[in-house]
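Please look over the structure shown below before reading on.

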Amino acid sequence: SGGTQLLNNDSKYPFDTKQLPIMCNFAEEKPRKTFQAYQSSYRSIVFSHNSQWFKAKGIGIPIGNSRPIFQDGKILSYRLLKPKIGSGEPLIWGFSTREDAEKEISWMKGIKEQGLSQVEPIGIGIYENVSVLDFDDRISLFRYLDSVDLKNILEHFSERSRQTTVCCIFCDEPSDIRVDEILYAFMFPGVEKVVNKSDCKDYVKWLGSSCAYNLRQFHTHGLLHGTIPKKGGFFTNSHFCNHLVGETETWMTDFHMVEKTTDKLRMER
């Protein structure tokens with residue numbers, strides 16, 4: 001069970017407002033309503049809708065034995081207590097906590113209103129009937145999954161799982177092509193036979209300066225696109241994977257780690 005909390009009218013949401021998309025395995029073999037979409041990163045999808053790219057972020061895992069399991073109307077997933085991902089805060093594998101989802105939608109809305117991004121927030125989805133098993137990190141999770149079969153997993157969920165609520169977010173994007181994906185393309189053998197080498201160099205210079213300009217605009221507004229690890233030091237979420245590229249523009253995305261700061265030294269570093 002679950003539902004949606006949408007910011008505007010329902011026409012921007014491509015499903016029934018009582019339906020949520022999910023990437024998972026099914027414990028029972030029953031007919032399911034499915035659709036085709038492109039994978040985006042490791043827990044999200046995108047597809048064309050209303051002349052934009054609709055993105056559903058944090059809706060499960062697309063492949064592998066760590067996919068959430070759907071059984072008798074309940075979602076079974078995993079909680080990582082010391083994930084060593086992002087801020088290092090506990091996370092639900094494949095999904096977002098409600099706090100993180102609401103924070104990202106709020107930042108997405110504010111950043112778009114300031115003209116710093118073309119990504120438009122649509123709302124959040126709420127999965128209410130969820131059980132999780134606790135693990136320290138990804139290593140312990142995958143060691144566990146490699147040592148058990150589905151029957152064992154379902155038994156462990158029935159014996160020691162915890163009930164929780166998880167969320168996903170929805171938005172429209174002008175593109176879901178990441179800048180790093182463009183750079184990978186220039187590594188293909190023989191690419192210079194297809195595209196002029198000097199054009200490639202000019203394009204890479206444009207990519208770099210455009211992304212740097214986006215970061216500078218964030219800093220001008222007192223925003224840092226990153227976070228500080230618990231153990232100190234500096235971590236930036238502003239790598240090329242988190243910049244989108246269209247034909248004539250680039251945009252920043254993935255706003256769950258945006259924070260306000262007046263520390264110019266941090267921004268410079």
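Accessible areas, as used here, come from the Shrake-Rupley method with a 1.4 Å probe. By that method the chain exposes about 15,000 Å², and carbon and sulfur atoms supply 51% of this surface. It should be kept in mind that the model is predicted. Its mean pLDDT is 89, and 94% of the residues reach 70 or more. Confidence is highest in strand E7, with a mean of 96, and lowest in strand E12 (residues 235-236), with a mean of 60.

The overall form of the chain comes next. Its secondary structure consists of six helices and 15 strands. The radius of gyration is 20 Å, close to the 18 Å that the globule rule gives for 269 residues, so the chain is as compact as a globular protein of that length. Along the principal axes, the C-alpha atoms fill a box of roughly 60 × 45 × 40 Å. Of the 269 residues, 43% count as buried.

What lies in the interior? In soluble globular proteins, nonpolar side chains tend to be buried together. Here the largest nonpolar core has 20 residues, and the members that touch the most other members are Phe54, Ile59, Tyr127 and Phe170. At least two residues of this core come from each of strand E4 (44-49), strand E5 (52-57), strand E9 (120-135) and strand E10 (162-173). The largest share, four residues, is supplied by E9. A second, separate core holds 19 residues, including Val119, Cys171, Leu244 and Met252.

Is Arg79 buried or exposed? This residue belongs to strand E7 (residues 74-80). Arg79 counts as buried because its relative accessibility is 17%, which falls under the 20% cut-off. The side chain of Arg79 makes a polar contact of 2.8 Å with that of Asp134. Apart from residues up to four places away in sequence, Arg79 also touches Leu91, Ile92, Val132, Leu133, Phe135 and Arg162, among others.

With a relative accessible area of 25%, Leu183 is partly exposed. Not counting residues up to four places away in sequence, Leu183 touches Val204, Leu207 and Phe240. Leu183 and Asn65 are 118 residues apart in sequence, and their C-alpha atoms are 30 Å apart in space.

Two loop residues complete the account. Ser41 lies in the loop between strand E3 (38-40) and E4, and Asn50 lies in the loop between E4 and E5. Although Ser41 is not a glycine, it has a positive phi of about 60°. Asn50, which is not a glycine either, has a positive phi of about 55°. Which class of accessibility does Ser41 fall into? At 56% relative accessibility, Ser41 counts as exposed. Asn50 counts as exposed as well, at 51%, since the class begins over 50%.

How values were computed
Residues numbered from 1 in each chain as written. Predicted model: local features only at pLDDT ≥ 70, side-chain atom pairs only at ≥ 80, totals over all residues. Heavy atoms only, no water. Buried < 20%, exposed > 50% of the residue type's maximum accessible area, 1.4 Å probe, protein only. Polar contact = N/O pair within 3.5 Å; in protein donor to acceptor, adjacent residues only side chain to side chain. Contact = heavy atoms within 4.5 Å. Core = buried A, V, L, I, M, F, W, Y, C linked by side-chain atoms within 4.5 Å. Rg over C-alpha atoms; globule rule 2.2 N^0.38 Å. pLDDT = per-residue confidence, 0-100.
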